Amino acid sequence: MTFNDTLNTKNLFTEFGLVIQTGTAELLAYPERKESINNDWREENGIEYDLELPKFKDKEVTLQCAIIADNDADFWVFYDLFFEELKLPGLQDLFIWDHSKTYKVFYKKCGPPKKSTKRLKNVEKVFVKFPITLQVQY
């Protein structure tokens with residue numbers, strides 16, 4: 001978990017109260033290869049594959065996120081701002097500080113949130129966890 005990740009150069013924590021708890025390792029996995037053109041010649045054994053220009057699929061990644069806010073009103077401000085940014089037209093730039101890399105992503109879906117009131121350093125905070133699924137362009 002880091003506080004230096006950004007979405008379209010906006011710091012996830014300071015702008016949206018959001019931290020990515022887990023799932024960024026999925027971003028490091030190399031994408032699945034697309035099916036290669038092949039020929040199954042009747043007069044030859046096996047299959048002939050065209051491996052000159054391999055191509056790869058985009059991938060879907062689910063990140064476990066949490067929004068931390070001082071109260072319910074601040075939570076809704078952060079929540080609305082985050083999803084407004086995420087649903088902008090086109091691909092969004094998700095920079096993961098631990099990877100020193102920017103990923104081109106777009107929003108696919110959000111799982112059910114789980115809200116709790118946590119004590120963080122003896123201060124009451126609103127803490128809402130939710131999974132978010134992004135499509136990552138290769």
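Predicted model: local features only at pLDDT ≥ 70, side-chain atom pairs only at ≥ 80, totals over all residues.
Q: Which element gives the most residues to the largest nonpolar core?
A: The core holds 26 residues, and Leu-12, Leu-18, Leu-63, Phe-82, Phe-130 and Ile-132 touch the most other members. Elements giving two or more residues to this core include helix H1 (12-16), helix H3 (72-86), strand S6 (59-69) and strand S10 (123-136). The top contributor, with 6 residues, is S10.

Q: In what order do the elements of the protein run from the N terminus on?
A: The protein has 3 helices and 10 strands. From the N terminus on, they run β-β-α-β-α-β-β-β-α-β-β-β-β.

Q: Why does the protein count as more spread out than a compact globule?
A: For 138 residues the globule rule gives 14 Å, and the radius of gyration is well over that, so the protein is more spread out than a compact globule. Along its principal axes the C-alpha trace spans about 75 × 25 × 25 Å. The radius of gyration itself is 20 Å.

Q: Is Thr-6 buried or exposed?
A: Thr-6 lies in strand S1 (residues 6-7). Leaving aside neighbours within four places in sequence, Thr-6 is in contact with Asn-11, Leu-12, Asp-93, Leu-94 and Phe-95. The cut-off for buried is under 20% relative accessible area. Because its relative accessible area is 15%, Thr-6 is buried.

Q: What separates the C-alpha atoms of Ile-20 and Lys-115?
A: Ile-20 is found in strand S3 and counts as buried at 6% relative accessibility. Ile-20 and Lys-115 are 95 residues apart along the chain. Their C-alpha atoms are separated by 16 Å.

Q: Among contacts between residues at least 6 apart in sequence, what percentage join residues at least 24 apart?
A: The set considered is the contacts in the protein between residues at least 6 apart in sequence. The part that joins residues at least 24 apart is 65%.

Q: How far apart do the centres of the positive and negative side chains lie?
A: The protein has 19 positive and 22 negative side chains. It exposes about 9,300 Å², of which carbon and sulfur atoms supply 52%. The centres of the two charge sets lie apart by 6 Å.

Terms used: Residues numbered from 1 in each chain as written. Heavy atoms only, no water. Helix = DSSP H or I, 4+ residues; strand = E, 2+ residues; numbered from the N terminus. Rg over C-alpha atoms; globule rule 2.2 N^0.38 Å. Contact = heavy atoms within 4.5 Å. Areas by Shrake-Rupley, 256 points an atom, 1.4 Å probe, with all protein chains shown as cover. Lys, Arg positive; Asp, Glu negative; His and termini not counted. Charge placed at Lys NZ, Arg CZ, Asp CG, Glu CD. Core = buried A, V, L, I, M, F, W, Y, C linked by side-chain atoms within 4.5 Å. Buried < 20%, exposed > 50% of the residue type's maximum accessible area, 1.4 Å probe, protein only.
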